[in-house]
Structure formats: structure tokens, C-alpha cells
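Visitor: Could you walk me through this one? I'd like to begin with a helix and then move on to other parts.

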Amino acid sequence: MTDRYAVIGNPISHSKSPLIHTQFAYQTGQDLSYEAILAPLNGFRNTVLTLLDEGCRGVNVTVPFKFEAFQLATQLTVRAQAAQAVNTLKFDGTEIIGDNTDGAGLVVDIERNLEFTLQGKRVLLMGAGGAAYGVALPLLNAGATIMVANRTEDKAHKLAAVFAAHGSIQGSSYIALAGSQFDCVINATSSSLADSLPPLPRGESASLTSSPNPPFSIGENMKHRGIFAPNALAYDMMYGKETPFLLFAKEQGAAQFADGLGMLVEQAAESFFLWRNIRPDTAPIIAKLRLI
Ligand code: ATR
């Protein structure tokens with residue numbers, strides 16, 4: 001019998017999850033169906049319980065229901081507990097297991113697809129909302145040292161305090177970042193949706209600072225570089241367009257750039273693994289989505 005899965009959100013018509021999971025199923029020979037379901041804003045719980053009754057095996061959960069999914073789960077993985085949000089539910093008899101695969105998806109995309117090792121790296125995580133909570137623990141587990149910056153500074157300190165037991169993490173305002181450099185800068189704010197840029201301190205232009213014979217002493221040179229260390233990766237969790245943050249990173253001399261498409265496919269692969277215990281090959285699907 002074909003096993004049924006779905007993604008629930010509001011809105012949902014834009015979701016690429018049905019396409020991704022259908023490709024995973026085809027590639028791995030798994031007999032399953034995967035559909036997009038629009039839940040009313042006050043109807044997430046009923047939608048999930050109806051699906052459970054109908055024999056559905058699991059669902060992905062997207063905006064704005066990740067916190068409700070966290071509350072509905074009868075069991076939570078450690079990473080879902082840490083994120084205080086759930087993007088994957090697995091139905092197991094009467095149990096509803098809640099997981100969060102967003103952070104694992106980000107780390108796999110950075111480490112395997114972009115070949116950027118996080119162990120020992122200084123990561124600037126911008127934002128202190130749901131997206132930042134979802135990725136903080138997997139980044140710490142990968143060995144990164146995290147500075148969280150947020151417009152509302154209090155929220156950055158609060159996030160850092162929540163995760164402090166798991167590794168090296170501190171909160172900051174944007175203005176206090178001036179003079180610091182990072183190996184990896186991740187945009188987990190919703191700024192890109194509004195075509196705006198978090199208020200990052202700006203260095204001198206990259207061409208000036210990357211000159212082979214800089215007219216400055218080393219200290220001066222570093223001061224003019226801005227927040228991106230040499231060989232830095234700039235990562236925007238949004239996908240589908242060149243965001244103001246990625247443009248800023250180019251201008252400021254970051255070396256590597258990525259949007260969130262790889263993370264989207266990798267978090268889906270992680271959900272697929274939770275449900276089916278088999279890992280799909282993500283590379284051909286990322287490549288295919290780039291062409292759409
Ligand atoms: P999400 O679930 O996508 O993280 P959220 O919980 O609403 O959404 O959080 C949005 C985050 O983006 C917040 O950290 C917000 O900063 P504030 O807490 O100061 O509001 C951040 N954000 C949104 N627009 C931004 C902008 N233009 N510049 C910087 N940060 C921004």
C-alpha cells in the first residue's frame with residue numbers, strides 16, 4: 001500500500017517540498033505519495049489529527065505552524081526541543097514524534113555541498129527568531145563558535161543563554177560587531193523577504209583591502225576589511241534571488257556565497273531519512289531546482 005505524507009502550511013502553494021519528496025521517492029524506489037495541504041490558520045491541530053486518523057505516516061510543517069507542531073508532538077527529538085520548533089512529524093501508532101531537520105540541513109549544505117568545515121570556525125548568526133533557534137544547536141555541534149546578532153539585542157542574548165550549555169555562543173548588537181571578523185556569516189533574519197539588509201558594520205571596499213601590497217600595516221588592513229575574514233562564506237537562508245545581504249558580502253570581500261536552496265533540499269532529505277530510514281542523493285535534485 002502506498003504510504004502517504006504531506007506538507008502543511010499557510011500559504012502552501014509555493015512549496016517545493018512535494019516536488020523534492022516525489023523525486024526522493026522515485027530515486028530510492030519508495031512507494032509513497034506526498035501532497036501539499038493548506039491548513040486554516042486556526043486549524044493546524046485538526047488537520048494533523050485528521051491525517052493521522054486517515055493513516056498518513058508523517059508530515060512536514062512550515063510557516064506559521066512550526067511552534068504549534070512543537071506543542072502537538074507527544075515525543076520530541078533533542079534538536080526539536082532545542083529549536084522549540086518542529087518541521088517534521090512522524091506518526092507512529094498513537095505517538096506523534098516531532099523533529100527539527102532545518103539545522104541539520106544547513107550544516108550538511110555548508111559542510112558537504114559547499115565543502116566548508118565548521119569545526120573551530122567563527123560564525124556570525126544574524127537573527128534571533130525561529131530560523132535562528134532552528135540552526136543554533138547543529139552549528140554548535142559541528143564545532144562552530146557562534147556570535148548571534150539581532151536588531152533587538154535582548155533577543156540575541158536570550159538565544160545565546162538558551163544554547164550556552166551546548167558550546168561557545170554569545171549575543172551582540174550589530175553595532176558592536178565593528179572590528180570583529182567571521183569565517184562564516186549566516187543570514188537567519190527575514191530581512192531578505194523585505195529586500196533589506198541587516199545593519200552590519202561596513203568595511204572599506206574589498207579591492208582596497210585585498211591588494212597584494214596593501215598600503216597599510218596588518219592591523220590597519222584588518223580594520224578596513226569589515227566583518228568577513230579571508231575566505232569567508234556568506235550564507236543567506238533565503239533562496240531564489242540574489243539578496244541584499246549576498247550583494248553586500250560580495251562588495252565586502254567574502255569569498256564564497258550561498259543561498260538557502262541547498263538547505264531546503266537537505267532538510268527534506270533529513271525528514272525523508274527519519275520517515276523511511278534511507279538517504280536520498282540530494283545533488284541531482286539541487287541541480288534540477290536551480291534550473292526551475
Ligand atoms: P523567523 O521564523 O523567519 O526567524 P521571526 O521569528 O519573525 O521569523 O524572526 C525574524 C528575525 O529577523 C528577527 O530576528 C528580526 O529581528 P528583530 O527581533 O529585531 O525584529 C529579524 N529581522 C527582520 N527584518 C530585519 C532587518 N531588516 N534587519 C535585521 N533583522 C531583521
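Visitor: How many residues does helix 11 have, and how far does helix 11 reach?

Guide: This is a predicted model, and in it helix 11 covers residues 261–276, which makes 16 residues. From its first C-alpha to its last, helix 11 reaches 22 Å, close to the 22 Å expected at 1.5 Å a residue.

Visitor: And is helix 11 mostly covered or mostly uncovered?

Guide: Helix 11 is mostly covered, since 14 of its 16 residues are buried.

Visitor: What happens just after helix 11?

Guide: Just after helix 11 comes Asn277, and the phi angle of Asn277 is positive, at about 60°.

Visitor: Which side chain makes a polar contact with the side chain of Ser271?

Guide: That is the side chain of Thr88, which is joined to the side chain of Ser271 by a polar contact of 2.8 Å.

Visitor: How do strand 4 and strand 6 run, parallel or antiparallel?

Guide: Strand 4 and strand 6 (residues 95–99) run parallel, and two bridges join them. Within strand 6, Gly98 is the residue that stands opposite Leu76.

Visitor: Now the ligand. Which of the 14 residues around the ligand come nearest?

Guide: The nearest of the 14 are Ala131, Asn150, Arg151, Thr152 and Lys155. By class, the shell around the ligand divides into three nonpolar, nine polar and two charged residues.

Visitor: What distances separate oxygen atoms of the ligand from Thr152 and Lys155?

Guide: For Thr152, a polar side-chain atom lies 2.6 Å from an oxygen atom of the ligand. For Lys155, an N or O atom in the side chain is 2.6 Å from an oxygen atom of the ligand.

Visitor: And which atom of Ser190 is involved?

Guide: In Ser190 a polar backbone atom is 3.1 Å from an oxygen atom of the ligand. As for cover, the ligand taken alone exposes 650 Å², and the protein buries 70% of that.

Key. Residues numbered from 1 in each chain as written. Predicted model: local features only at pLDDT ≥ 70, side-chain atom pairs only at ≥ 80, totals over all residues. Heavy atoms only, no water. Near = heavy atom within 4 Å. Polar contact = N/O pair within 3.5 Å; in protein donor to acceptor, adjacent residues only side chain to side chain. Areas by Shrake-Rupley, 256 points an atom, 1.4 Å probe, with all protein chains shown as cover. Nonpolar A, V, L, I, M, F, W, Y, C, P; charged D, E, K, R; others polar. Helix = DSSP H or I, 4+ residues; strand = E, 2+ residues; numbered from the N terminus. Expected span 1.5 Å × (residues − 1). Buried < 20%, exposed > 50% of the residue type's maximum accessible area, 1.4 Å probe, protein only. Pairing = 2+ DSSP bridges.
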